[in-house]
Amino acid sequence: MAGLWRSYQVLMSKYPWTVQIVTAGSLVGVGDVISQQLIERRGLAQHNVQRTAKMMSIGFFFVGPVVGSWYKVLDRLVVGGTKTAAMKKMLVDQLCFAPCFLGAFLCISGALNGLTVDENVAKLKRDYTDALISNYYLWPPVQIANFYFIPLHHRLAVVQIVAVAWNSYLTWKANKM
């Protein structure tokens with residue numbers, strides 16, 4: 001495990017953007033597999049590989065680039081490594097970014113699932129508030145620790161590790177019809 005972490009760090013220092021995106025896409029995919037197998041109890045024979053591929057594509061092309069870019073912007077908006085700065089970053093992250101990100105995630109997954117605009121709006125009305133409340137239970141303490149203790153180039157990885165559980169919930173919520 002230590003060797004795997006060292007390899008990850010070497011790759012992260014050489015190719016930070018690529019590694020962040022690949023990590024995000026892979027872990028959104030892992031979250032979908034967990035969702036289908038543990039939450040929905042589909043079993044391997046009923047596993048929807050196409051759904052997992054869609055969720056991974058959202059991770060590669062939306063989650064990784066958007067969250068990675070957001071952390072860079074946030075680091076420029078709120079400067080410093082103090083407890084106060086970490087609290088400010090968490091508040092800006094959770095009050096400004098999280099609501100927009102969740103809405104976009106749910107809309108993108110709905111579109112990839114073939115929902116019409118009206119169906120997507122109805123699904124968003126049904127699921128958004130619940131997802132946002134669940135977000136507020138999990139992410140504020142994670143983000144305070146992340147912004148205070150973790151260097152910028154490792155923040156997306158830390159978030160994605162915690163997000164395996166979150167992604168399982170979110171992919172279940174996004175794919176629940």
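Okay, a definition to get us going: buried means under 20% relative accessible area, exposed means over 50%, and partly exposed is in between, with a 1.4 Å probe and protein chains only. By that rule Tyr148 is partly exposed, at a relative accessible area of 32%.

Some housekeeping. This is a predicted model, so local features need pLDDT of at least 70 and side-chain atom pairs count only at pLDDT 80 or more, while totals for chains, interfaces and linings use all residues. Residues are numbered from 1 along each chain as its sequence is written, and side-chain values use heavy atoms, with hydrogens and water left out.

On to the aromatics. Rings of Phe, Tyr and Trp (its six-membered ring) pair if their centres lie within 6.5 Å; planes under 30 degrees apart are stacked, over 60 edge-to-face, and the rest tilted. The count here comes to 10 aromatic pairs. Take Phe62 and Phe101: their ring centres are 5.2 Å apart with the planes at 10 degrees, so that one is stacked. Phe62 sits in helix α3 (residues 49–77) and Phe101 in helix α4 (residues 83–112), so the pair ties together parts that are 39 residues apart in sequence. Helices, by the way, are DSSP runs of H or I, at least four residues, numbered from the N terminus. Phe62 is buried at 13% relative accessibility, and Phe101 is buried with a relative accessible area of 13%.

Back to Tyr148, which pairs with Phe149 edge-to-face: 4.8 Å centre to centre, 80 degrees between the planes. Phe149 is exposed, at 61% relative accessibility. And there's a cluster to look at: Phe62, Trp70, Phe97, Phe101 and Phe105 form one aromatic cluster.

Now, how do α4 and helix α5 (residues 117–149) pack? Their axes, which are lines fitted to C-alpha atoms over the stretch in contact, with angles running from 0 to 180 degrees between N-to-C directions, lie 8 Å apart at an angle of about 150 degrees. That makes α4 roughly antiparallel to α5, a label for angles over 145 degrees.

Last stop, Arg155, in helix α6 (residues 152–175). Is Arg155 buried or exposed? Buried, with a relative accessible area of 5%. Its side chain reaches the backbone oxygen of Ile150 at 3.0 Å. Leaving out residues up to four places away in sequence, Arg155 touches Tyr71, Asp75, Lys89, Asn146, Phe147 and Ile150, where contact means heavy atoms within 4.5 Å.

Key
Helices (H or I, at least four residues) and strands (E, at least two) are DSSP runs, numbered from the N terminus. A polar contact is a pair of N or O atoms within 3.5 Å; within protein, one must be able to donate a hydrogen and the other to accept it, and residues adjacent in sequence count only if both atoms are side-chain atoms. Angles under 35 degrees count as roughly parallel, over 145 as roughly antiparallel, 65 to 115 as roughly perpendicular and the rest as oblique.
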